[in-house]
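Colleague: Before I use this model, could you take me through its helices and a few individual residues, with the cut-offs behind each term?

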Amino acid sequence: MTSPTPAPTEQRVRATAVLFDFGGVLTSSVFDAFQSFGESLGCDPRLPLRLFSDDAEAKALLVEHEEGRMREREFEQGFAARLRAHGIEVDGPGLVRRIQSGLRADDAMIELVAEVRDAGFRVGLLSNSLGDDCYAGFDLAAMFDAVTISGEVGVRKPSRRAYDIACARLDVEPGAAVMVDDLPQNVAAAERAGLTGVLHRDATDTARRLWAALGRS
């Protein structure tokens with residue numbers, strides 16, 4: 001009796017493209033920006049960001065804003081109302097810009113994007129909207145082969161459709177793409193969509209693991 005032929009080992013498609021998140025990857029931490037905002041309000045620094053997970057109304061506001069179904073002014077008014085409901089007095093106008101002011105460009109990660117592109121890989125941006133002015137100072141059209149922002153396409157990470165749209169804009173199958181993101185849930189969602197995920201913590205570690213994923217270690 002002959003032994004059954006073992007099933008062939010599945011070979012992963014060689015990566016040819018990389019998708020980068022924006023806030024917390026190409027910039028300093030969004031968590032730190034929200035904490036600085038909380039400190040400026042004189043409240044628990046963790047409260048403003050925690051509302052998006054603990055307060056159903058605040059979370060709904062964020063989702064609608066990131067999916068482009070709510071204008072920034074409406075989001076600011078709604079979020080200010082949720083903060084007031086938790087005892088924090090704050091005016092709505094300019095609230096998003098106050099949060100954005102805590103973000104700083106990460107030069108090492110911006111350089112990594114250029115290096116990956118120069119090495120012959122296609123590069124794209126896949127970002128949940130962070131407000132009307134959060135991309136000011138970044139020449140996204142020059143940096144990336146394709147840009148996908150949630151408010152423009154009407155779907156946000158971690159929805160699978162966000163990854164599918166971004167890959168289609170890069171003209172690459174998900175299995176041939178790598179996603180760099182600082183949120184574990186978004187990396188996990190990218191992997192479920194067929195991409196290779198790289199969780200960003202700092203530029204040095206991300207560069208090492210990204211080049212390994214691209215077969216250039």
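This is a predicted model: local features need pLDDT of at least 70, side-chain atom pairs count only at pLDDT 80 or more; totals for chains, interfaces and linings use all residues.

Modeller: Residues are numbered from 1 along each chain as its sequence is written, and side-chain values use heavy atoms, with hydrogens and water left out.

Colleague: What span does helix 1 reach from its first C-alpha to its last?

Modeller: Helices (H or I, at least four residues) and strands (E, at least two) are DSSP runs, numbered from the N terminus. Helix 1 covers residues 30–41, which is 12 residues, and the expected span of a helix is 1.5 Å times one less than its number of residues. For helix 1 the expectation is 16 Å, and the span in the model is close to that, at 17 Å.

Colleague: At what angle do the axes of helix 1 and helix 2 cross?

Modeller: Contact here means heavy atoms within 4.5 Å, and on that basis Phe31, Phe34, Phe37, Gly38 and Leu41 of helix 1 meet Pro48, Leu49 and Phe52 of helix 2. The residues of this contact divide into 7 nonpolar, 1 polar and no charged, where Ala, Val, Leu, Ile, Met, Phe, Trp, Tyr, Cys and Pro count as nonpolar, Asp, Glu, Lys and Arg as charged, and the others, Gly among them, as polar. Axes are lines fitted to C-alpha atoms, for helices over the stretch in contact, with angles running from 0 to 180 degrees between N-to-C directions. The two axes come within 7 Å, and their crossing angle is roughly 115°.

Colleague: Which residue caps the N-terminal end of helix 6?

Modeller: The buried residues of helix 6 are Met109, Leu112, Val113 and Val116, and they line one face of the helix, because they fall within an arc of 105° seen down its axis. The face turned away from that buried side carries the exposed residues Asp107 and Asp118. A polar contact is a pair of N or O atoms within 3.5 Å; within protein, one must be able to donate a hydrogen and the other to accept it, and residues adjacent in sequence count only if both atoms are side-chain atoms. At the N-terminal end, a side-chain oxygen lies 3.2 Å from the backbone nitrogen of Ala108, and the capping residue is Asp106.

Colleague: Which strands and helix do the buried residues of helix 11 pack against?

Modeller: Ala203, Thr206, Ala207, Leu210 and Trp211 are buried in helix 11, and they line one face because they fall within an arc of 125° seen down the axis. Thr204 and Arg208 are exposed on the face turned away from that buried side. What the buried residues pack against is strand 1, helix 6, strand 4 (177–181) and strand 5.

Colleague: Is Lys157 buried or exposed, and with which side chain does its own side chain make a polar contact?

Modeller: Lys157 is in the loop between helix 8 (150–153) and helix 9 (160–170), and at 2% relative accessibility it counts as buried. A polar atom of its side chain lies 3.1 Å from the backbone oxygen of Leu126. The side chain of Lys157 also makes a polar contact, at 2.7 Å, with the side chain of Asp181.

Colleague: How far apart in space are Ala162 and Ser127, C-alpha to C-alpha?

Modeller: Ala162 is in helix 9 and counts as buried, at 1% relative accessibility. Although Ala162 and Ser127 are 35 residues apart in sequence, their C-alpha separation is 9.2 Å.

Colleague: What separates the C-alpha atoms of Gly194 and Pro174?

Modeller: Gly194 lies in the loop between helix 10 (184–192) and strand 5 (196–199), and is partly exposed, with a relative accessible area of 26%. Gly194 and Pro174 are 20 residues apart along the chain, and their C-alpha atoms are separated by 5.3 Å.

Conventions. Buried means under 20% relative accessible area, exposed over 50%, partly exposed in between (1.4 Å probe, protein chains only). The arc is that of the directions from the helix axis to the C-beta atoms.
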